[in-house]
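Please keep the model in view while working through the numbered points.

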Amino acid sequence: MVVVIPRLLRGSLGAICTQAALLRSTPSAFRYLTRSSVMKSKRRPDHLERTADVVRQEVVSAAKVCGVASESPSVKRLCLLVADKDFSFKAGQWVDFFIPGVSVVGGFSICSSPRLLEQERMIELAVKHANHPPALWIHNQCTLDSEVAVRVGGEFFFDPKPTDASRNLVLIAGGVGINPLLSILRHAADLLRERASKGQGYEMGTVRLLYSAKDTSELLFKKNILDLVNEFPEQIACSLHVTKQTTQITADLRPYITEGRITQKEIRDHISKETLFYICGPPPMTDFFSKELESSRVPREHICFEKWW
């Protein structure tokens, strides 16, 4: 589950920090799914309850599964075809995930870039195994051509306009919290390509990814991340951290791996007035680094974080 704690003020660079009414006009079947899932949630708060005050789009779009793969021993990657031309998202946002026959609505961050949707009408999700009905369905029942529905929401995103001031990004990820940050990283790469090929568009600064997981098998999207680092060696860099590695680290990963947690010093080394910080991971991690940045006098409007439950 995901809870958004917006820090950035309203603006194209970052998060919209106003609230909007939830569950406007949607097809009756999805209204029923939404209400029933909230009423039946008697244990811990569910995705729809946790994000009840978060901005959502009104569009609920049909989607078809066009790819399923194991991204790690505990994470499944889904590719969804969304033909609806009214469906769009900003890098870093999530979707409400409606499954026929499952009353509980899932909430999963999109890990692909908006450009993939524009060009191929596809989005990608990566879902960790959990005893939660939507996650169980994805891991145990989802197949090619399975039909679902999705609706975009979230106040955690990077969506600069071409005339906005150039910004550096520091992306801090823990575990499956890499998902929205990978979307932002991929979007930044698309902006760099556009600027290089056309000589116009948003002038992207540098991007630094700090990503921590238990071991290298749980570092998601390693190849995708390193491909971007190699494509843009002057603009994109990464530091991959492992906290409980028990096997030998492969030669291709070794230059990028640090054994141990992300440190305060690493974060402080990248503080500047041009830098925006995006943090996504378990609550203790996001709390720690957001407070660390505030204590280092980083303006609150330059810090945006999302907690992954």
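1. The crossing of the two helices is left-handed, that is, the near helix is turned anticlockwise from the far one by less than a right angle (clockwise would be right-handed).

2. This is a predicted model, in which local features need pLDDT of at least 70 and side-chain atom pairs count only at pLDDT 80 or more, while totals for chains, interfaces and linings use all residues. Residues are numbered from 1 along each chain as its sequence is written, and side-chain values use heavy atoms, with hydrogens and water left out.

3. Which residues bring helix 5 and helix 6 together in contact? From helix 5 come Ile178, Leu182, Leu185, Arg186, Ala189 and Arg193, and they meet Asn224, Ile225, Leu228 and Glu231 of helix 6; contact means heavy atoms within 4.5 Å. Sorted by class, this contact comprises six nonpolar, one polar and three charged residues. In this scheme Ala, Val, Leu, Ile, Met, Phe, Trp, Tyr, Cys and Pro are nonpolar, Asp, Glu, Lys and Arg are charged, and the others, Gly among them, are polar.

4. The chain as a whole contains eight helices and 13 strands. These are DSSP runs numbered from the N terminus, helices being H or I with at least four residues and strands E with at least two. Of its 309 residues, 54% count as buried, where buried means under 20% relative accessible area, exposed over 50% and partly exposed in between (1.4 Å probe, protein chains only). Among contacts with a separation of 6 or more, 75% join residues 24 or more positions apart.

5. How many disulfides does a search of the whole structure find? The search finds zero, a disulfide being a pair of cysteine sulfur atoms within 2.5 Å. Cys280 is in no disulfide, and the nearest cysteine sulfur, that of Cys304, is 9.8 Å away. Cys280 is buried at 0% relative accessible area, and Cys304 is likewise buried at 0%.

6. Arg121 is not a glycine, yet its phi is positive, at about 60 degrees. Arg121 sits in the loop between helix 3 (114-120) and strand 6 (122-128) and counts as buried at 15% relative accessibility. Asp145, also a residue other than glycine, has a positive phi near 75 degrees. Its loop runs between helix 4 (133-140) and strand 7 (147-153). Is Asp145 buried or exposed? Asp145 is exposed, with a relative accessible area of 53%.

7. Thr216 belongs to the loop between strand 9 (207-213) and helix 6, and is buried with a relative accessible area of 12%. Neighbours within four places in sequence aside, Thr216 is in contact with Lys222, Val242, Gln245, Ile249, Leu253 and Ile257. One of these, Val242, is 26 residues away along the chain, with 6.6 Å between the two C-alpha atoms.

8. Other pairs also link positions separated in sequence. Ala149, in strand 7, is buried at 2% relative accessible area; the C-alpha atoms of Ala149 and Phe98 are 5.0 Å apart, although 51 residues separate them along the chain. Glu306 lies in strand 13 (residues 303-308) and is buried at 0%. Between Glu306 and Gly154 there are 9.5 Å from C-alpha to C-alpha, for a sequence distance of 152 residues.

9. Ser272 provides a further example from a loop, the one between helix 7 (264-268) and strand 12 (275-281). Ser272 is partly exposed, with a relative accessible area of 28%.
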